[in-house]
Amino acid sequence: MSAADKERNANREREKGNEAYKAGSYKEAYDNYTRSINFLPTAAAYNNRAITAIKLSRFSDAVSDCNAALKLEPTNTKGLLRRAHAYKSLKQTADAIADLQKVLQLEPFNEAAKSELEAIQKESAKAKSDATSGGSSQQGSGKGFRVPVQEVREPAGGGRGSGSSSSRDATPMHAPPPSGPAPPNPLSEELLPLPPRVQKLKEEGNAFFKAGRYADAETKYTAALTELEKAGKEHEPSIALLLSNRAACLLKNGDSQRCIEDCTRSLTLSPLSVKSILRRATAYDSLEKYPQAYNDYQLALKIDTTVDLAVTSSDRLARHLKDKYGDGWKAKLPHNPEADLAMAALKNSGTSQEGSKEAMYDRSRESGNAHTKKV
């Protein structure tokens, strides 16, 4: 990939992150900024991921990202202010004060840094006084100061409208975007116990993924797939799961085309895997294959109407496609073979009737929530 392509892809992912952030989809924004950094590390991308990490209460990650931004741009006041916020949340008051003082050295008239430095010093003095007098007040009790954070700015012409769109039929709820190894699909067959070596490789892959070592995780999932594909068709649900896990690694590392290939293979084995559908949609989106991305986001909503990523992305892409092709834009959408498989699976499982859909959505949400806690 040329340097110009890397820069273009990095900017595109960062702009998508800005849109997701403005919509309150912080996990989606975090993943977009991560992909931007993978294409081209910049102080802006690190700063944006830092504020998103703060919104997700991942304060140590925010400090790390601010450190990276400041290594690239040592006088970046936005990085210093965000790191001060993260330090305060981690109860590292002295470090927060030091960063605010650095901001004032660089920008003596920075009112935000002035007011927050004064507030933190007063809070610190009060805490010391209370400790000396035996008072009950404690620093960080929840009633102290809060360092304000400069929000991610909306790029010119960007952002998501607040109006309704015909691209969705459901009220959006906040569901986790497809970021980690996928849980078993709640409507799929029971997973058979894996051979010991395959189970070990899968667990090692999961550990690498959680540590952010996506290339190493991909290697482990590939080895597990190679072993399991020899075991026969009875392990197809587990093969689908491993393919989806490997797709997550590829997506994290910006290899969208191979992510699409793995997701498509996974969906032929497990057509109702919302995780695989969303990962493929995100990959299509990153490659600017918007009709295919829209199709997949819509397919995810037909299976689970509560997926916020699918709702907001469908709205965004519907507006874009209408602007590009006019009122007849839906005629431009390609056929989606995996949608046929999914609809047939829904019909066969009895979930095509409204009475059973709710139970399916509940199971899907519970599976996603449990997965979010693990990954």
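Guide: Let's begin with a pair of helices: α1 passes α2 in a left-handed crossing. Helices here are DSSP runs of H or I with at least four residues, strands are runs of E with at least two, and the numbering starts at the N terminus.

A word on the ground rules: this is a predicted model, in which local features need pLDDT of at least 70 and side-chain atom pairs count only at pLDDT 80 or more, whereas totals for chains, interfaces and linings use all residues. Residues are numbered from 1 along each chain as its sequence is written, and side-chain values use heavy atoms, with hydrogens and water left out.

Back to the pair. The axes of α1 (residues 3–22) and α2 (residues 26–39) lie 8 Å apart, and the helices pack at an angle of about 165°. That angle makes α1 roughly antiparallel to α2. Axes are lines fitted to C-alpha atoms, for helices over the stretch in contact, with angles from 0 to 180 degrees between N-to-C directions. Angles under 35 degrees count as roughly parallel, over 145 as roughly antiparallel, 65 to 115 as roughly perpendicular, and the rest as oblique.

Who does the touching? From α1 the contact (heavy atoms within 4.5 Å) draws on residues including K6, N9, A10, E13, R14 and Y21, and α2 answers with, among them, Y26, A29, N32, Y33, R35 and F39. In this contact, seven residues are nonpolar, five polar and six charged. Nonpolar covers Ala, Val, Leu, Ile, Met, Phe, Trp, Tyr, Cys and Pro; charged covers Asp, Glu, Lys and Arg; the others, Gly among them, are polar.

Now step back to the whole chain. It has 16 helices and zero strands. Of its 375 residues, 49% count as buried; buried means under 20% relative accessible area, exposed over 50%, and partly exposed in between, with a 1.4 Å probe and protein chains only. Looking at contacts between residues at least 6 apart in sequence, 65% join residues at least 24 apart.

Some single residues are worth a stop around here. D315 sits in α14 (residues 308–325) and counts as buried because its relative accessibility is 8%. D315 is 21 residues from Y294 in sequence, with 8.9 Å between their C-alpha atoms. T306 belongs to the loop between α13 and α14, and at 5% relative accessibility T306 is buried. The side chain of T306 makes a polar contact of 2.6 Å with that of D304. Such a contact is a pair of N or O atoms within 3.5 Å; within protein, one must be able to donate a hydrogen and the other to accept it, and residues adjacent in sequence count only if both atoms are side-chain atoms.

Most residues other than glycine have a negative phi. K91, in the loop between α5 and α6 (93–106), has a positive phi near 65°, and K91 is exposed at 56% relative accessibility. E288, in the loop between α12 (274–286) and α13, also has a phi near 65°, and E288 is partly exposed at 42%.

Finally, two helix residues. T77 lies in α5 (residues 77–89) and is buried at 15% relative accessibility. Its side chain is joined to that of E107 by a polar contact of 3.3 Å, and, neighbours within four places aside, T77 touches V103, L106 and E107. C249, in α10 (residues 236–252), is buried with 0% relative accessible area. Its C-alpha is 5.1 Å from that of Y214, 35 residues away along the chain, and its contacts beyond four places in sequence are F209, Y214, A217, E218 and Y221.

Notes: Left-handed = near helix turned anticlockwise from the far one by under 90°.
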